[in-house]
Amino acid sequence: MKLSRTKTLPRHVCRFVILTFAAGMALPPSLPSPRAKELIREACYNEVQQRAKRTLWSYVAERRSNNHVFREQVIETVDVPVRHLLAVDGHPPTSVQMKEEIERQQVLLNNPSRRHSIQKQQGNDDKTMEELLHIISEAFVFEDQGEDGESEKIAFHPNPAFKPKTHEQRILHALDGIVFVDLHDKRIARLSGSLATGVEFGYGVIGHVQQGGTTEITRVHLSEGIWKTSAEKIDINGRFVLLKSINKHQDESRTDFAPVAPDTTFAQALSEIEKR
């Protein structure tokens, strides 16, 4: 029986996953904190600087989806990542699952246009993410809640004076929660947030994202100036006209990070996987 390993959101909404960890922000507009805002501004700036470096990493991902646990080896490349199935529900993949895995990898290997299409979308996502990072400090108001270990704890709440211009900005602006900024590196170390209000597109005719959607992001320091997401839990629901209902229920952890040569291609990474 074929098991679905992932669910994909419409692209204008799935950016909720990558934009949330960058959203460090605060509490009521009556309690603004200049220090907290400056920490967030620094953290967003440093994130932009890291993204410009475009370093590559490999890691082991454990994903919970559709009542199953999938363990994968992931290798980032200059075009698209290689994802290799290691286990399902704690057991080695069956022969049928391995056959499907090999076929999926070969389709990508032998179809440069498909890889280019994925890479182009990733580029668009990166551009959107950078745009969001630039408006974070104005989109929210902040309350500094003091030090928590090596981090500063900051509450965040939508800034009512901010007027979002895009779908992504509207979803981002609806977030409310807590963020922890590492005081040494000035980076987002941990975030938990929820959609304080629902978001409608075209007065609900085009679609909507439901109130109460949540996200939890944990990040880890790997090397000088480099932080990566080590765990994320996403729970968001909604609807877009002409597209499937939005049901994003993701729970993934990542371990065993290791640097990858900066010019590694998809074919080279796949060849490396096949040797193991």
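Ser-151 belongs to strand β5, which covers residues 151-158, in a model that is predicted. Its relative accessibility is 10%, and Ser-151 therefore counts as buried, since buried means under 20% relative accessible area. Leaving aside residues up to four places away in sequence, Ser-151 touches Gly-146, Phe-180, Val-181, Asp-182, Leu-183 and Ala-189.

## Ile-136 in helix α4

Ile-136 is found in helix α4, made up of residues 112-139, and with a relative accessible area of 0% Ile-136 is buried. Although Ile-136 and Arg-41 are 95 residues apart along the chain, their C-alpha atoms are separated by 7.6 Å.

## Salt bridges

Side chains of opposite charge can pair when their charged atoms come close. The structure holds 19 salt bridges, and one of them joins Glu-47 to Arg-219, with 2.9 Å between the closest N and O atoms. This pair links distant parts of the chain, as Glu-47 lies in helix α2 (residues 34-53) and Arg-219 in strand β10 (residues 214-223), 172 residues apart. Glu-47 is buried at a relative accessible area of 4%, and Arg-219 counts as buried at 8% relative accessibility.

Another salt bridge brings together the side chains of Glu-232 and Arg-254, at 3.1 Å from N to O. Because Glu-232 lies in strand β11 (residues 226-240) and Arg-254 in strand β12 (residues 246-260), the pair ties together parts that are 22 residues apart in sequence. Arg-254 also forms a salt bridge with Glu-252, the closest N and O atoms being 2.7 Å apart. Through salt bridges that share partners, Arg-63, Glu-72, Arg-83, Glu-232, Glu-252 and Arg-254 are joined into one network.

Conventions:
Residues numbered from 1 in each chain as written. Predicted model: local features only at pLDDT ≥ 70, side-chain atom pairs only at ≥ 80, totals over all residues. Heavy atoms only, no water. Helix = DSSP H or I, 4+ residues; strand = E, 2+ residues; numbered from the N terminus. Buried < 20%, exposed > 50% of the residue type's maximum accessible area, 1.4 Å probe, protein only. Contact = heavy atoms within 4.5 Å. Salt bridge = Lys/Arg side-chain N within 4 Å of Asp/Glu carboxyl O.
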